[in-house]
Amino acid sequence: MTATSSPLARPGFTYSLLLLIGMAAVVGTALGFQYIGGYIPCALCLLQRQPYYYAIPIAILAAISELVGLPNWITRALILAAGILMLVTAGMGVYHAGVEWHFWPGPATCSTTASSMTTNAGDLLGELNTIKGPSCTDAALRVLGLSFAGWNVIAGILLAAFAFVGVRKAA
């Protein structure tokens with residue numbers, strides 16, 4: 001295999017792989033804060049993860065399409081779809097941050113039934129019925145003045161921009 005036929009030499013593969021790693025890092029960080037840090041996500045936090053759950057497999061398909069030599073437009077379309085989903089999550093983050101800063105009201109179902117992990121399996125059903133997640137209006141943590149929702153806006157915009165550059169470079 002020559003250097004020019006190496007998958008890393010092809011922009012479509014490189015951009016889809018790096019996009020995949022970036023999205024997985026964002027979701028992994030959110031899950032780490034939830035399961036290791038004990039920060040229970042609100043309903044809007046959980047919704048903001050959905051575009052990542054769809055975009056990660058799309059980025060995997062983009063990398064595979066480049067590896068197996070499918071037409072270039074397929075790889076580009078898949079990277080574009082992942083980028084659009086990152087704009088969706090950024091928009092959701094703007095909405096959620098606005099709810100946290102009380103710029104506009106949040107949804108009526110602003111509480112979730114997600115609870116912290118129990119250590120007593122016998123009381124699991126009782127805890128699920130009594131413990132409610134935090135309100136969407138209260139930021140669980142702020143780092144440099146931004147909540148998780150605010151950081152998701154930044155991550156989503158950066159990942160979307162990266163994806164759109166990847167679409168152009170993979171041409």
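Leaving aside its neighbours within four places in sequence, which residues is Gln48 in contact with? Before I answer, please note that this is a predicted model, in which local features need pLDDT of at least 70 and side-chain atom pairs count only at pLDDT 80 or more, while totals for chains, interfaces and linings use all residues. Residues are numbered from 1 along each chain as its sequence is written, and side-chain values use heavy atoms, with hydrogens and water left out.

Now the answer: with those neighbours set aside, Gln48 touches Thr89, Met92, Gly93, His96, Ala149 and Asn152, where contact means heavy atoms within 4.5 Å. Gln48 sits in helix H2, residues 43-67, a helix being a DSSP run of H or I with at least four residues, numbered from the N terminus. Its relative accessibility is 4%, so Gln48 counts as buried (under 20% relative accessible area, with a 1.4 Å probe and protein chains only).

Let me move on to the helix pair. The axes of H1 (residues 11-35) and H3 (residues 72-100) come within 10 Å and cross at roughly 25°, the axes being lines fitted to C-alpha atoms over the stretch in contact, with angles from 0 to 180 degrees between N-to-C directions. That makes H1 roughly parallel to H3, a label for angles under 35 degrees. In this contact, Gly12, Ser16, Leu19 and Met23 of H1 meet Thr75, Ile79, Ala82 and Met86 of H3.

Technical notes: Helix = DSSP H or I, 4+ residues; strand = E, 2+ residues; numbered from the N terminus. Parallel < 35°, antiparallel > 145°, perpendicular 65-115°, else oblique. Buried < 20%, exposed > 50% of the residue type's maximum accessible area, 1.4 Å probe, protein only.
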